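Keep the 3D view open as you read.

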Amino acid sequence: MLKIYNTLGRELETFKSIKDKYVSIYRCGPTVYWTQHIGNMRGMVMSDLIERTLKYEGYKVKFVQNYTDVGHLTSDEDEGEDKMEKGAKREGLSPKEIADKYIAQFENDVAKLNVLEPDYKPRATEYVKQMIEMVQELLDKGFAYERPNAIYFDISKFPKYNELNGQRLDMNREGEGHGDVTDENKKNPQDFALWFFRTDVHKNALQYWPSPFKSSEVENGEGFPGWHIECSAMARDLLGNPIDIHIGGIEHIAVHHTNEIAQSEAANGEKFANYWLHHEHLDVDGKKMSKSLGNIYSLDNILESNYSPMHLRYFFLQAHYRSKQNFTFEALDGAKKAYERLINFVKTWAEDSDKQKSNDFKINKGFKEKFTEAIEDDFNIPNALAIVWELTKSDLQSDDKLGTLLDFDKVLGLGLEHALSQPKEKEIPLEAQMLIEERNIARLSKDFKKADEIRDQLKSRFGVDVVDKR
C-alpha cells in the first residue's frame, strides 16, 4: 500500500487516487531563460521516479509539466524584471527565441537522464486566455481587486491562505520575514499579482496581451499574467479539478504553491490538489549553489568531466527526494563505479543465460516484494537500491537475477536493458596496460612511428583496439 508524505498535512498518508488506478500529476516546470543546472536536473529525476513508481504500481498516469516563458519576476514574487526579458536582453534575442533555445536544451538534458516524457508540456504564453478567464472569475467572486498597476489577489478573503506553508499571517508582515518592500497599491503586504498592467516598471514589457481588466494607466488592459496564476490555469485546463498530486521544489512552498492553492480554490470552489510533494535542494561541496561561489554545474559540465548521464542519475538515486543531497565529484565517482558494476552484472548474467529477450526472464517474488515495500514507503529509492545490491549477492540463478533487476529498472530508469546487447568488458592484461602507457609516452614525445607500432602490437597480441581522441 503506497504511502506518501503530504506537505499539506505534514504527515505520511496512504495514497488514494480520485479515480481508481488513475493519477493526475502537475509539476511546476522550469522558467526557460537560462541553462538548467544539476539541481534542477535532480528535481526532474525525483519527479520521474515518482511517476515510474506509480506506473509500476499499476496506475495510469496523466502528467503535466509546464514551461514558464512569461511573468516570472526575478524576486519570485511581485518585484523585479521578468526573467524571460532579462534573458532576451542578455543574448539579444526575443523572449520566444530565448524560450525555444532553452526548452530545447532542457529537453535534451532530461532525455539523456532517461526522464519520461510528460503527457503535456504547456507553455504559459499559450494559455493566457485561460489565465484571463480565471482572473476574471476571481474578480467576480470578490477575491481580487484592480489597481492601476496590477490585479491583486486579496489574501484576507481566503482564510486558509497559510495552510500549506504553516506560517502565521500576523507574523508574515513587512519587516517580519516578508521583506522590506512596501507596495502602496496592495491592501495587504502578502497580496499577490494576478495580472500586471503594462505600466510603471513594466511599461516597456516585451510580452503583453489585451485584457478586459481596467486600469487608468493603459489602454485595453494590456499586460501579462503573474507567475502563480499560470500554473493554476494550466492545471485546471489540462487536468480538471481537483488533481491528485502536485510536485515541486521546497522553495515553492512559502510563496508559489501557497498562492496557487489560494487562487485555484477561490476560483474553483473546491480543493486544488490532494497531495503536495516537495523535493529538497542539491548542495555542491556542502554549500548552496551560487554564481558567486562558481559551483553551479550543468549536465554538459558533468559530461565534459568523463561521466555519463546515467552516472549522474545513479548518484541522484542514492538520496531520498525529501532529503538534501550533497554533490561532490568524489561522490559522483562512487556512483559511476556502482553503475558500471551493475552494467557488468547484466552483461555477465546475460552471457550465462540461454534466453535472448528480457521478457523471457523470471522475476523473483521475494525480492520483488522487498523492492515494492521500499518504493511504497514514500518512494524510498535509496532503500530500493539496497535491495538491488542484495539481489546481486544472492544465490539466485543468473536468469532470475537478470529478470528481477530489469523489472526493478522500470522504476530506477537506469537503462540497464541496453547492456543486454553489449559485450562484457574484457580485463586488459598487465603487459597490455604497460604497452598502452609506453605508447602514450611515445605520442607525447611525438614519436608517432613507435606509437603506431605499439598500436599494431596491442591489436595482434591482445586484441585491444586503441582509439586516439583528438
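Start with strand E5 (residues 144–146), which pairs with E6 in the antiparallel sense over three bridges. Keep in mind that this is a predicted model. E5 and E6 form a hairpin, with three residues between them. Look across from Glu146 and you will find its bridge partner in E6, Ile151.

Now follow E6 to its other pairing: E6 and E7 are antiparallel too, joined over four bridges. Here Ile151 turns up again, standing opposite Trp195 in E7. What about the side chains along E6 (residues 150–153), and which way do they point? Ala150 and Tyr152 point one way, Ile151 and Phe153 point the other way, and all of them are buried.

Most residues other than glycine have a negative phi, and most peptide bonds are trans. With that in mind, have a look at Asp200, in the loop between strand E7 (192–197) and strand E8 (223–225). Its phi is near 50 degrees, a positive value in a residue other than glycine. Is Asp200 buried, partly exposed or exposed? Its relative accessibility is 47%, so Asp200 counts as partly exposed.

Further along, Asn306 sits in the loop between helix H7 (299–303) and helix H8 (309–317). Asn306 also has a positive phi, near 70 degrees, and is exposed, with a relative accessible area of 57%.

Finally, visit the loop between helix H5 (227–239) and strand E9 (243–249), where Pro242 is placed. The peptide bond leading from Asn241 to Pro242 is cis, and its omega is near -15 degrees.

Key. Residues numbered from 1 in each chain as written. Predicted model: local features only at pLDDT ≥ 70, side-chain atom pairs only at ≥ 80, totals over all residues. Heavy atoms only, no water. Helix = DSSP H or I, 4+ residues; strand = E, 2+ residues; numbered from the N terminus. Buried < 20%, exposed > 50% of the residue type's maximum accessible area, 1.4 Å probe, protein only. Pairing = 2+ DSSP bridges.
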